Amino acid sequence: MEKKLGLGSVVSISVGLVIATSCLVSLGQGAGTIGVVFIFAMIIACLLNMTTVASLSELNALMPNTTGGLAQYTLVSMGPFPTLISMVGGYLICNTLSCGVEASIFSYAMAQTFTFPIPSVGYALIMSVIVMIANLYGIDMFAKIQNLVAFLLVGSMVVMGIIGALGLGTGTQVDQPYYMASNLSEIVPMTAVAFWLFIGAEYVIPVSKDVKNAKRNVPLGMIIGLILICAMQSIMVFGFHNYTAWDDLANSAAPHLLYGENLLGSVGKTWMTLVAALAVISTQNSTVNGLASICQGMAKMNMMPQVFAKTNKHNVPYVGVIFISVSIAIFAVLSDSSSDMISFLILVGSVFWMVSYILAHIDVLILRKRLPKAPRSFKSPMGIALQIIGIVGTVYMILNISTDPTERMQIWVLTGVTFLILAIYAFFWIKYKMKRPVFKSIPLPEVMAMENDLYYAIRKNRGIWR
């Protein structure tokens with residue numbers, strides 16, 4: 001009998017999936033803008049993410065063992081139109097964009113640390129090609145050491161944060177104020193920046209079927225993970241205060257690199273570069289592998305062009321692998337070595353992700369009303385209060401996504417235009433290719449049946465899908 005995962009494993013997986021080098025850009029930007037009081041914005045963002053954890057845990061309890069996650073929840077509650085928009089915009093685009101930003105940070109760090117005759121963006125392009133080829137051959141790069149890589153990154157942040165917070169570094173300490181903001185009207189809007197520090201904890205849900213006492217351990221493990229991340233990042237902020245000037249931190253394309261060098265000299269710089277490099281390669285491999293499979297699954301459901309369902313002789317959905325790899329490389333080139341562009345793309349990605357979280361809360365509210373007696377092994381507490389708080393708080397973060405009015409408008413316009421294009425695509429695709437009512441929800445039993453390949457074969461044999 002296969003051994004079940006305990007609470008500790010859930011916490012470990014959750015923390016490992018959330019922490020990434022792009023989080024350190026948001027951490028550096030937030031702390032560099034308002035100082036140590038950024039921790040209060042982090043706490044608010046962490047609590048809002050906990051409401052999302054509660055909603056997604058309830059949805060998973062209602063529809064356990066579904067591989068599509070949010071896509072299937074939204075299909076049941078609101079139908080294919082918002083599902084297609086949220087999956088392509090709030091998931092595929094967002095993950096590809098964030099991975100491109102990660103690759104850009106990796107490139108900048110490599111160029112700053114090593115003196116190879118390679119332009120900064122070259123590292124990202126080389127990595128993208130290597131990861132793409134490996135995935136085309138069905139090689140799961142770093143599959144065996146992904147947990148180790150996550151442990152090294154998290155462990156490095158904890159150790160270097162403690163060294164900095166206690167003033168034990170070999171570098172020169174900085175004399176600067178603890179904060180540049182003193183009232184809530186300046187601190188609360190920074191929750192939109194802090195939001196990026198906590199996204200992704202819900203990725204532990206697909207392994208819930210392998211967790212013992214999943215009803216308790218999955219939501220509890222994610223919440224504990226978020227608390228640990230908040231504590232760890234807070235320690236880093238105190239370390240930043242002691243060894244890195246706030247302005248330098250806010251304007252750095254790789255705050256972890258700057259902090260590592262200021263704290264421990266070349267040793268700290270090289271240490272953080274190598275650990276972060278492993279983490280980025282591991283992340284990009286997981287993204288390419290995972291998103292290509294999602295594209296394949298959506299093509300099987302007739303929600304994307306059928307070409308994404310094709311596989312090569314290694315049984316790899318090669319079109320998706322190539323498409324995702326090229327898209328990541330494009331975003332890496334766009335944000336190459338520019339702290340402003342990296343921060344901008346992170347905020348754009350945050351908006352896409354926030355929209356998907358709002359949909360999760362709405363899914364809970366709809367399905368509680370429509371299926372009040374359906375069995376749920378977990379139900380988020382406090383009635384619908386957490387969902388309302390989550391929706392209102394997330395909308396607030398979208399409306400205050402940047403403290404710069406010009407940048408805020410650019411983010412709104414870019415995400416708005418993207419969602420408009422996706423809406424037009426979704427309308428015609430659902431009506432003429434999927435041959436479904438655009439706004440009609442799909443019954444829960446049918447969505448659950450979509451987990452079986454026979455479902456798609458029957459629809460094709462009946463001529464429903466071509």
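At what angle do helix α6 and α12 pack, and how far apart are their axes?

Analyst: This is a predicted model. Helix α6 (residues 120-136) packs on α12 at an angle of about 45 degrees, and the two axes are 10 Å apart. The crossing of α6 over α12 is right-handed. On the α6 side the contact is made by M127, S128, V131 and N135, which meet V280, I281, Q284, N285, V288 and N289 of α12. Sorted by class, the residues of this contact are 5 nonpolar and 5 polar, with no charged residue.

Helix α12 (residues 255-300) also packs with helix α10 (residues 214-243): their axes come within 10 Å and cross at roughly 60 degrees. That angle makes α10 oblique to α12. Here the crossing is left-handed, whereas α6 passes α12 in a right-handed one. The α10 residues M236, G239, F240 and Y243 meet Y259, N262 and L263 of α12. This contact comprises 5 nonpolar residues, 2 polar ones and no charged ones.

For a contrast in geometry, consider the pair α14 and α15. These two helices pack at about 155 degrees, with 9 Å between their axes. Since angles over 145 degrees count as roughly antiparallel, α14 and α15 are roughly antiparallel to each other. Their crossing is left-handed. From α14 the contact draws on V351, M354, V355, I358, H361, I362, V364, L365 and R368, and from α15 on L386, Q387, I388, G390, I391, T394, V395, M397 and I398. By class these residues are 13 nonpolar, 4 polar and 1 charged.

R368 also forms a salt bridge with E58, with the closest N and O atoms 2.8 Å apart. This pair links distant parts of the chain, as E58 lies in helix α3 (residues 38-62) and R368 in helix α14 (residues 339-370), 310 residues apart. The model has 2 salt bridges in total.

As for confidence, the chain has an average pLDDT of 83, and 93% of the residues score at least 70. Among the elements of the chain, helix α15 (residues 385-399) has the highest confidence, at 93, and helix α18 (residues 453-461) the lowest, at a mean of 70.

Notes: Residues numbered from 1 in each chain as written. Predicted model: local features only at pLDDT ≥ 70, side-chain atom pairs only at ≥ 80, totals over all residues. Heavy atoms only, no water. Axes fitted to C-alpha atoms, helices over the stretch in contact; angles between N-to-C directions. Helix = DSSP H or I, 4+ residues; strand = E, 2+ residues; numbered from the N terminus. Parallel < 35°, antiparallel > 145°, perpendicular 65-115°, else oblique. Left-handed = near helix turned anticlockwise from the far one by under 90°. Contact = heavy atoms within 4.5 Å. Nonpolar A, V, L, I, M, F, W, Y, C, P; charged D, E, K, R; others polar. pLDDT = per-residue confidence, 0-100. Salt bridge = Lys/Arg side-chain N within 4 Å of Asp/Glu carboxyl O.
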